[in-house]
Amino acid sequence: MMEHKLGNRLLAALPPAEFDLLAPHFRKVTLERGSILVRSGDRVEQIYFPRSGAISFMQDMPDGQTVATAMMGNEGAVGILLALGPSRSPITAVVHSPGTALQISPARFFSTFSHSPALRHAVQMHTIALMVQFQHVAACNALHSVESRLARWLLHIHDRVHHNQLPLTQEVLSELIGARRPTVTQAVCKLRKSGAIRSNQRGLIEIDRPMLEASTCNCYGVMRREIDRILSPEAMKSRWAAQPAHKTARPPERPHAPADEKTGYSRPQGVPGHRPRGH
């Protein structure tokens, strides 16, 4: 019930009293397709808790190529890896399917983080889930074919957008799997021949999920089961549920930034813009 109301699984795992410490400082924002929420090497200006949409964590290589290392939706957050210690962002986060998020400044987030055992536990579990995804993606990239890896990424995105038409161009697919366009074209053709996907000229890929699952390697199922286990409601609450309640001081509130009058959402602040071609 709480997850449905908030739209984000990490926030839904918090006890109401501890979530209430964060709530006054959230802003609802839209996540536009192609937007970069943070670039590798930059300071994190905002932390995002997605409610919908799909965000990829990208590794930028010195030669200009990119490859996806993880996919994020409403099961996690963008920017809270800073809980491991103050540093610049280790990843570039790109919106591949539009959605909405709750946005909060790092200062406000970490003010609550220091007072909330449940929030610290949620960040720990989120970090473990990311490490699992990073490890499986690295192994899959080394061992499995381009078409099976492409099928896996399409399934990861489909899990987070819940409809069969995915807004993905071949340029985006090339960035996700870290392959040149001709290689991607061959992989798309193979998946199309198998009936796993249908694509058109508008940058949309329509998937047949059962056929797509048959076309991928077993990495997809292993990753999904493991991450669901780590981020299950039972695992998210197991540690702090047995702890005594702590008295916390509510951080001082500040006025909310004005939201867009038509949509009720504000555009993310600190977002440099759309991802430039080829980066």
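**Exercise 1. Find which residue stands opposite I36 in β6.**

Step 1. I36 faces V94 of β6. The model is predicted; local features need pLDDT of at least 70, side-chain atom pairs count only at pLDDT 80 or more, and totals for chains, interfaces and linings use all residues. Residues are numbered from 1 along each chain as its sequence is written, and side-chain values use heavy atoms, without hydrogens and water.

Step 2. Strands are DSSP runs (E, at least two residues), helices are runs of H or I of at least four residues, and both are numbered from the N terminus. Strand β2 (residues 35–38) pairs with β6 in the antiparallel sense over two bridges. Pairing requires at least two bridges found by DSSP between two strands.

Step 3. Turn to β4. S56 also stands opposite V94 in β6. β4 and β6 pair in the antiparallel sense over five bridges.

Step 4. Check burial. Buried means under 20% relative accessible area, exposed over 50%, and partly exposed in between (1.4 Å probe, protein chains only). Six of the six residues of β6 are buried.

**Exercise 2. Determine how many residues of helix α7 are buried, and what covers them.**

Step 1. Helix α7 spans residues 170–177. Six of its eight residues are buried, so the helix is largely enclosed by the rest of the structure.

Step 2. Name them: V172, L173, S174, E175, L176 and I177.

Step 3. List the cover. It includes β4 (54–60), β5 (66–72), β6 (92–97), α6, α8 (181–193) and β10. Contact here means heavy atoms within 4.5 Å.

Step 4. Look past the helix end. G178 follows α7 and has a positive phi, near 70°.

**Exercise 3. Decide whether H162 is buried or exposed, and describe its backbone.**

Step 1. Locate H162: it lies in the loop between α6 (146–161) and β8.

Step 2. Its relative accessibility is 65%, so H162 counts as exposed.

Step 3. Phi of H162 is positive, near 60°, in a residue other than glycine. Most residues other than glycine have a negative phi.
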